[in-house]
Amino acid sequence: MNRILIVAEHAGGMLNAAVAKCVSCAASVPDAEITIAVFAADGAAVAQAAASIMGVARVLLVDHAANEPALAAVLAPQVARLAEGHSHVFGPSTTFGKDLMPRVAALLDAAHVSDVMSVESAQRFRRPVYAGNAIVTVEAAAGEPIVATVRVASYQPAAQGGSAKIESVKLDLAPPTHTRFVSVSAARSDRPDLQTASRVVSGGRALGSVENFALIQGLADRIGAAIGASRAAVDAGYAPNELQVGQTGKIIAPELYIAIGISGAIQHLTGIKDARTIVAINKDAEAPIFEVADYGLVGDLFALIPEIEKNL
Amino acid sequence: MRRILVGIKRVIDYNVRIRVRPDGSGVVTDGVKMSINPFDEIALEEALRIKERGDADEVVAVGLGPDDTQQQLRTALAMGADRAILVRTDLAVEPPVVARVMLKLIQTESPIMVILGKQAIDDDCNQVGQMLAAIWNRPQATCASKVVIEGGKARVTREVDAGLETIEVDLPAVLTADLRLNEPRYVKLPDIMKAKKKPLDITDLATIGVEATPRLKILKYEPPQQRQKGVIVKDAAELVAALRQKGLV
Ligand SMILES: Cc1cc2nc3c(=O)[nH]c(=O)nc-3n(C[C@H](O)[C@H](O)[C@H](O)COP(=O)(O)OP(=O)(O)OC[C@H]3O[C@@H](n4cnc5c(N)ncnc54)[C@H](O)[C@@H]3O)c2cc1C
């Protein structure tokens, strides 16, 4: 039996959609028994949501005032404690999971696999390296604890309809005080979330200004898409950092990805490899983005975006 | 002395087109340009700026890797690091090993801060900083895009999925650099000459007492699945028609 503990990411009382994808990954480990751990200040609602994911055997709820907002240094010792008796500990490869899971792995002296894209056996996993330009198969020694982050773009969310039992757990651990949360500035928007959207419209350096970037927003709103951006567009301040797509931004897998005025650097392409359909709009017919695009349209984006909107 | 340790990894330059060896044993490295991991360059730049602002006295660049890593450490010295340490090994070292090496050096160097890149662009692990903070039992501030030092504390703005998060950590602490933390300076020729006279100490894993036992066996490298090249449509109308037919708009 492989006993897998999944660390739940959540915010504002909502379970992150990445958790159900971690469950899918965990369920592909042979003979898996899946537990979700919720660390929260008052996590009843989040635990309920976790318990309703199919395939989950139980949910452990650890309520403590210090657990929200989540800080890796505060959560890691608690995760390590709950990990006792588990063969694997999984978390999403989001900024939350990437911050937390290596700290957990070090505390447990476990093998740590980042960005699992497929499970080959209980010890064997495939993961991308070199910005996705190579895939490695890695194997941990049998019997060793394994901590992993799950590349969420590689998995579909597990279905709803489960009814795992929820247990409250008290851990007698004094949270460290050397790390303190100050603030988070999250742009609230009514647009679909970049990470889970089925359609994404992304803009690059070619947009040239914040004002022009509104063209991307306009098209996105017309088709109900989330907005993305290349690093160059974020660096130039046309779009906020959380919209960056790529090796060091978000790795996404929408049904439709429209790249506008983006050249298609490998660091960008690695973020969209799993998109179902890619559309590229670029005035340079030689731009590398056309190598991966299902539909390419060569021309000036400032003329083409209005044209597209007219045809919708 | 208020000292900052910075990790410098030698990696294949980010502009090189990566090719997997036909036998699956790794990627092609012969005759390929090697550079400082871009995130480490940003980490070093930040350490230099902290020193220039008067919040630190010395910046030490630490490399772990083959003999040739000296090239990257010389570049780090040319950028402005005061001295460098190379911990030599020809083995491929995993993040936990790097963390243990850094911890050993922390014990002799007593830094106020360790700044690393958030990830290396070869293995893309994004692990070392967090692991080091854990075994050092100190705070971590990963994916930093802004750092302010004040009275034994660092206020760090982090790039997170939701946007920007700010945390405060007591020093000493481990920071990892994200892309927008700063723009690394260009190295000027006189600096390269000056760097040749700066100290670069060479030691090895055995001497500092860290074993490089791998936790993960790499069974094989494969090229990723290639996407099929699609079609070029002639105008916006044809594009919209194609997407509509697929039910995408
Ligand atoms: C360590 C590292 C990590 C990185 N991580 C990321 C990452 O996560 N995500 C990312 O995106 N990048 C990343 N990059 C940067 C990447 O290498 C590229 O520099 C970046 O993606 C380029 O952005 P761009 O395509 O918008 O700009 P450019 O490469 O400048 O491309 C602009 C494109 O717009 C086209 N264009 C110009 N005007 C018009 C017009 N009027 N109409 C139509 N087309 C036009 C041009 O032909 C060109 O192809 C990373 C780089 C490094 C070194």
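Me: Which residues of the shell are closest to the ligand, and how many residues surround the ligand?
Reply: In general a residue counts as near a molecule if one of its heavy atoms lies within 4 Å of it. In this predicted model, 29 residues surround the ligand, and the closest are A:Arg205, A:Ser230, A:Val245, A:Ser263 and A:Asn282. Because residues from chains A and B surround the ligand, the site is shared between chains.

Me: Before we go on, what should I know about the numbering and the model?
Reply: Residues are numbered from 1 along each chain as its sequence is written, while chains are lettered from A and ligands numbered from 1 in the order in which they are written. Local features need pLDDT of at least 70 and side-chain atom pairs count only at pLDDT 80 or more, totals for chains, interfaces and linings use all residues, and side-chain values use heavy atoms, with hydrogens and water left out.

Me: Which helices supply residues to the shell, and how does the shell divide by class?
Reply: Helices (H or I, at least four residues) and strands (E, at least two) are DSSP runs, numbered from the N terminus. Here helix H6 (231-235), helix H7 (266-269) and helix H9 (301-311) of chain A, together with helix H1 (38-52) of chain B, each supply at least two residues of the shell. For the classes, Ala, Val, Leu, Ile, Met, Phe, Trp, Tyr, Cys and Pro count as nonpolar, Asp, Glu, Lys and Arg as charged, and the others, Gly among them, as polar; the shell then holds 11 nonpolar, 13 polar and five charged residues.

Me: What lies 2.7 Å from an oxygen atom of the ligand?
Reply: A polar contact is a pair of N or O atoms within 3.5 Å; within protein, one must be able to donate a hydrogen and the other to accept it, and residues adjacent in sequence count only if both atoms are side-chain atoms. At 2.7 Å from a ligand oxygen there is a polar side-chain atom of A:Asn282, while a polar backbone atom of A:Arg231 is 2.9 Å from an oxygen atom of the ligand. A nitrogen atom of the ligand has a backbone N or O atom of A:Lys283 at 3.1 Å.

Me: Where does the largest cavity lie, and which residues are nearest its centre?
Reply: On a 1 Å grid over the protein atoms alone, a cavity is a set of points where a 1.4 Å probe fits but cannot get out, and lining residues have an atom within 4 Å of a point. A volume is the space filled by probe spheres set on the points, which are joined across faces, edges and corners. The largest cavity holds about 480 Å³ of space, and among its 35 lining residues A:Lys98, A:Gly246, A:Gln247, A:Thr248 and A:Gly249 lie nearest its centre. By class, this lining has seven nonpolar, 16 polar and 12 charged residues. Domain bounds come from an automatic or database domain assignment, and domain 1 (2-168) and domain 2 (199-311) of chain A both give residues to the lining, so the largest cavity lies between them.

Me: Which peptide bonds are cis, and which residue has a positive phi although it is not a glycine?
Reply: Most residues other than glycine have a negative phi, and most peptide bonds are trans. In this model a cis peptide bond joins A:Glu68 and A:Pro69, with omega about -10°, and another joins B:Leu171 and B:Pro172, with omega about 0°. A:Tyr130, although not a glycine, has a positive phi of about 50°.

Key. 1 Å grid on protein atoms, 1.4 Å probe; cavity = no way out; pocket = protein on both sides within 12 Å on 5 of 7 lines; lining within 4 Å.
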